[in-house]
Amino acid sequence: MIKIEFVTNNIYFEDKCLMFHNIFNKQIRDVIYLNEFIFIKAGRRIHLPNDNYKFEENIFKFNNEGELLYRTGMLRVEYPIGSGVFEDWEASNMSIVDNQLYLGYSKGYEAWFDIETGELIKAQPENRK
Amino acid sequence: MLCSGGTNSSCNGKPHIPEGICFDSFQHCFGDSYVGRTCTGSFSSDGISYDTSNSHNTDGGGGGTSDNNDVNTSPVVYPCGDEIHNCTKKADIIASILGLSYDERKWLRKQSEETILFYENYLDTNLSIEAENWAKGQIELETLEDKFSKTPTTGKITLTYNPGKINNRDDQKYTHHGTNAVYNVYHMEDGSRVMDSPTPLHLNSDGNLTARWTTEAAGSSPQDHYWYIKSPETNNQWASYLLKSPTSTADELSLLFQLGLEDLALTLGTYVIPVEDFKIIFTGSDFNGQPTSRWLAAGMLLMEVVPGGKMLKPLVKTSKVVTTPLKIAVKEGGGYVVKSLGKVVNVEITTSVINDAIQYLSETGVELARVTNNVLTVSKHKIKAKTGSLVFMGEKEINAIMKNKNYIDAPFKGAATEFVSEQPEQFVRFHNVANPDRPFMMKLSDVENFTNLDQVRNAFSLNTSNIIDKVSFFTIPAGKKMYAGTANDLYGFSGGGYQFFIDGYIDDAWISTTKTLTDFFN
């Protein structure tokens, strides 16, 4: 059994407890459980201060034993185009489509990642409202 | 009086308009031709015909025998035309049209080619009694100023260093003052020249308006004199200066807006009023078609800053190819305070006044912003914007911004605004599970009467490739930069809905509620 306490940000695996926020300084936002793997999208803590928060890989893949297999999801994009300014974006939504990790970004980007390795396959603007 | 000693032969047979009989004759003829009649026995100059039958000429178009010290008579030089159409003759034609006095005509003859051509072109392109009055007033003031000199001369006003304040106002400090017991002249600290007169000068002479000013503004106290100002901000032309008692900014505005109600004021030229340490410059066209007096009742004026000085113009209608800062004068504690509002970028907007609010409308009449009770709000939804954050921009500008943010299909149509929200704002967004938190949102009030998704897609041009099965309610925190404007017609949809683009990171934690479409439309 795997138990997730969203209020405390703790994940209880069979024989260990992962204090998610204490370790990663992020709050659990979304969880997908698929084929005995747990995918977690995390972000800034909502209702409490989140000092020293950094934009970084915010998609986590764990196995049933609580072992972190990879972190992924961050994009570095020149935004606005031609500005010469590159921003680091965390994923804002997470899905699994056609056995690929499909991530969306709140500034209107979408990206596909290899679900086994977490490697970026493709990223592009959504151009959809 | 005949020119050059009173004989025709002294005019050397050259066409010329001297003083006296010749002048009166030409005045009649040119006056008629100016209003469209044709003089007979004439030759043409720039479309103006005049009679040569009783010309009394002087060498080189000079000023006649009485003016030989003022005009270069030898060698003959025609700076702005040939022998016939030279500057002196042009000056005389203008003098005839305007019925200038001897001194005024003499002054005009001495002016540069540029000045004479300015008046000629102005009168050619502004065919009205008001335009004639304006030109005449300018020349009258210039003639008076021509008497001013920093060197004491008999009969002239001498400006001497004598710093002080007009009407004891801190914003009206001058360095030099001079008087001839009738007129007072001040050289202001900001470089402008101010003159007061006990009687209205021709700048304001226009029948009823003059009479009204005489009864309302003139009085025995110095501050009720008629004031005039000339500065680079008025293009170095004289303008009426609405200056009254030391604490009467409101009175000055009241007077100005009374003028605004008068049709007569529409073409009378330029007015300048001091507001705090700014001067506000109005032209007659600023009032055209606008119930401007109500702006005063609402206690506010929207301004654009004239580059290069502390001079403001009311923003009634503007079309700019550059970024123009905007200011708003708001009523605080009985006075007016100028505050930064934002800027205009390459867009034409209009204003209207409804229920004591100033509305700023796009070319198609969509409300972009308004000021009510000194509070600036954006769109018909009255979103409070931070002071100084508002930018009016054109369709090209907003869509260029969107393109750089990866929205290739131009999402906006017509003028739009950029602003920073003053307080948290509620929005809704139609989406699917994969894109709940994206920049484009709308106000609930714009979709709550829709009965199905097709209506939403049509109003906001939401592409059918964008699968939508949910509606989320967002609370966007204060201090977020947003763009707002009308949705373009795209993908076969009509557009026209009023959409918002939240700039920056959208946090899904801002979602308070998510509904299915069925729940929403039910």
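1. Axes here are lines fitted to C-alpha atoms, for helices over the stretch in contact, and angles run from 0 to 180 degrees between N-to-C directions. Helices (H or I, at least four residues) and strands (E, at least two) are DSSP runs, numbered from the N terminus. This is a predicted model, in which local features need pLDDT of at least 70 and side-chain atom pairs count only at pLDDT 80 or more, while totals for chains, interfaces and linings use all residues. Side-chain values use heavy atoms, with hydrogens and water left out; residues are numbered from 1 along each chain as its sequence is written, and chains are lettered from A and ligands numbered from 1 in the order in which they are written.

2. Two packed helices are described by the angle between their axes and the distance between the axes. In chain B, the axes of helix H2 (residues 87-98) and helix H4 (residues 113-125) come within 10 Å and cross at roughly 40°. H2(B) is therefore oblique to H4(B) (angles under 35 degrees count as roughly parallel, over 145 as roughly antiparallel, 65 to 115 as roughly perpendicular and the rest as oblique). The crossing of H2(B) and H4(B) is left-handed, a crossing being left-handed if the near helix is turned anticlockwise from the far one by less than a right angle, and right-handed if clockwise.

3. On the H2(B) side, the contact with H4(B) is made by Cys87(B), Lys90(B), Ala91(B), Ile94(B) and Leu98(B). H4(B) contributes Glu113(B), Ile116(B), Leu117(B), Tyr119(B), Glu120(B) and Leu123(B). Contact means heavy atoms within 4.5 Å. By class, the contact of H2(B) with H4(B) holds eight nonpolar, no polar and three charged residues (Ala, Val, Leu, Ile, Met, Phe, Trp, Tyr, Cys and Pro count as nonpolar, Asp, Glu, Lys and Arg as charged, and the others, Gly among them, as polar).

4. H2(B) also packs against helix H3 (residues 102-109) of chain B, at an angle of about 150° and with the axes 9 Å apart. H2(B) and H3(B) are therefore roughly antiparallel to each other, and H2(B) passes H3(B) in a right-handed crossing. Here Thr88(B), Ala91(B), Asp92(B), Ile94(B) and Ala95(B) of H2(B) meet Arg105(B), Leu108(B) and Arg109(B) of H3(B). The residues of the contact of H2(B) with H3(B) divide into four nonpolar, one polar and three charged.

5. In chain A, four strands form an open antiparallel sheet in the order S10-S11-S12-S13, where two strands pair if DSSP finds at least two bridges between them. Strand S10 (93-97) and strand S13 (120-125) of chain A stand at the edges with a single partner strand each, so one side of each is left without a neighbour in the sheet. Neighbouring strands of this sheet are turned by 20° against each other on average, direction ignored. Strand S11 (residues 100-105) and strand S12 (residues 109-114) of chain A pair in the antiparallel sense over six bridges, and the bridge partner of Leu101(A) in S12(A) is Phe113(A).

6. Three strands of chain A form another open antiparallel sheet, in the order S1-S2-S3. Its edges are strand S1 (3-5) and strand S3 (17-19) of chain A, each with a single partner strand, so one side of each is left without a neighbour in the sheet. The twist averages 15° from one strand to the next. S1(A) and strand S2 (residues 10-12) of chain A pair over three bridges, with Glu5(A) opposite Asn10(A) in S2(A).

7. Most residues other than glycine have a negative phi, and most peptide bonds are trans. Asn9(A), in the loop between S1 and S2 of chain A, has a positive phi near 65°. The peptide bond from Tyr79(A) to Pro80(A) is cis, with omega near -10°; Pro80(A) lies in the loop between strand S8 (75-78) and strand S9 (86-89) of chain A.
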